[in-house]
Amino acid sequence: MSQYLIDIFESELFSTPWPTFIDRHFIDGSKIKINPICKSCMNKECIDFTSFKNVCYKNLVSYSRTSGNTKIIVFGFEEQQKLKKQTFKTLSLESYNKWIENIILLNEKIDTESLKKTSEILHFFHDPVKLADQIKISSEKMIDNKVGDSFKDKLSNSSNELISIYQSSKLLTDSIKMLEIYFNPESASYGQTIRTNIYKLFDKVQAIIYFSEGKSRNKKFNLKGKSHREIFLYESFPIIPLSLIHNALKYSKSREIDISIEDTAHGVEVHVSSVGPQITEQEIDKIFEKGFRGKYAKRLHHDGMGIGLYVATCVATKHNFNINVKSKPLNYANDSMQMAENTFSFEVNANAV
């Protein structure tokens, strides 16, 4: 809840004595102002370091602590008073430790209260979700009676009204489940486990996304591979195909999106590949963080909130696997963006949960 913390500092309800970055948002110190050297710094390496203490190329010291998902950095200090004409003041670690512990306590209380209020709000969605889920189940049974070799074929042979009812109910229930996990990652393992054919699940999800958004954007989903294995998974698992396919749809700069699913000796392996803006190494390290959006995210899809991939990795963690990312440069640019083949992959163990 870094924004609440930022608002508190900027309103001077709780002051920061030193120049501080809170999740890349700068707040000037009440006692020590930022030095012009830091203002003119283009590197801002103090923002990205991961250790408690960092000494930058200007020989200035920064200190970093993390509270929940909020990173708090104070910066621009000398370790010792070496210069005759002192530009930066030293930092008393005793004062800093006392201050930062109070800040962490404050942020934890904000997080706790926010989660409590969010849980109370989400509680009111319980009955609507059950109703939407029942509509989804009923409409899915009607679709299964249509002609076709795959769910996508059957869906395409359904009436527009039936397609709309199924899409709306499915996306509604999954969207609310996403919000629940976003605010409470532990909920990814709530409920009973369900025997799931991952290939058929991806087939259903890609069909829904195709008819709801993909078709109008002239996108084509290619579902490949042979997988017949069924695995017991939590009710939250469908969020993973929903997030990965929707992410590929949003950021793909080519028409086709490939989904490959194969049985392995240990379980089922899945790859979702598309051509889009290259994901840098720095972005790969952060792409699953809550609220993170890449360099070109706002440009390609302005209304994203950095929820989908974060929630997907929360669900994956509860199923004891990681989602991996590779971005293979294609050595050409599209709309001033370097293109790459971006692949999200994972392997679900046959004994996942």
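Cys 46 counts as buried because its relative accessibility is 9%, where buried means under 20% relative accessible area, exposed over 50% and partly exposed in between, with a 1.4 Å probe and protein chains only. Keep in mind that this is a predicted model: local features need pLDDT of at least 70, side-chain atom pairs count only at pLDDT 80 or more, and totals for chains, interfaces and linings use all residues. Residues are numbered from 1 along each chain as its sequence is written, and side-chain values use heavy atoms, with hydrogens and water left out.

**Cysteines**
- Cys 314 also counts as buried, because its relative accessibility is 10%.
- As for disulfides (cysteine sulfur atoms within 2.5 Å of each other), a search of the whole structure turns up 0.

**The chain overall**
- You're looking at 12 helices and 12 strands, taken as DSSP runs numbered from the N terminus (helices are H or I, at least four residues; strands are E, at least two).
- Of the 353 residues in the protein chain, 45% are buried.
- Counting contacts (heavy atoms within 4.5 Å) with a separation of 6 or more, 65% come from residues 24 or more positions apart.
- The protein chain exposes about 19500 Å², and carbon and sulfur atoms supply 50% of that; areas come from the Shrake-Rupley method with a 1.4 Å probe, and for residues only the protein chains shown count as cover.

**Helix α7**
- Helix α7 covers residues 160–183, which is 24 residues, and it reaches 35 Å from its first C-alpha to its last, close to the expected 34 Å (1.5 Å times one less than the number of residues).
- Buried residues in α7 include Leu 162, Tyr 166, Lys 170, Asp 174, Met 178 and Tyr 182.

**Aromatic rings**
- There are 18 aromatic pairs, counting Phe, Tyr and Trp rings (the six-membered one for Trp) with centres within 6.5 Å; planes under 30 degrees apart are stacked, over 60 edge-to-face and the rest tilted.
- Tyr 182 and Tyr 310 are edge-to-face, because their ring centres are 5.7 Å apart and their planes sit at 85 degrees.
- That pair links distant parts of the chain, with Tyr 182 in α7 and Tyr 310 in α12 (residues 308–318), 128 residues apart.
- Tyr 182 and Tyr 310 are both buried.
- Elsewhere, ring pairs join Trp 18, Phe 52, Tyr 63, Tyr 96 and Trp 99 into a cluster.

**Charges over rings**
- Lys 290 lies over the face of Tyr 182, 4.9 Å from the ring centre; the rule wants NZ of Lys or CZ of Arg within 6 Å of the ring centre and within 35 degrees of the ring normal.
- Lys 204 lies over the face of Phe 151, at 5.6 Å from the ring centre.
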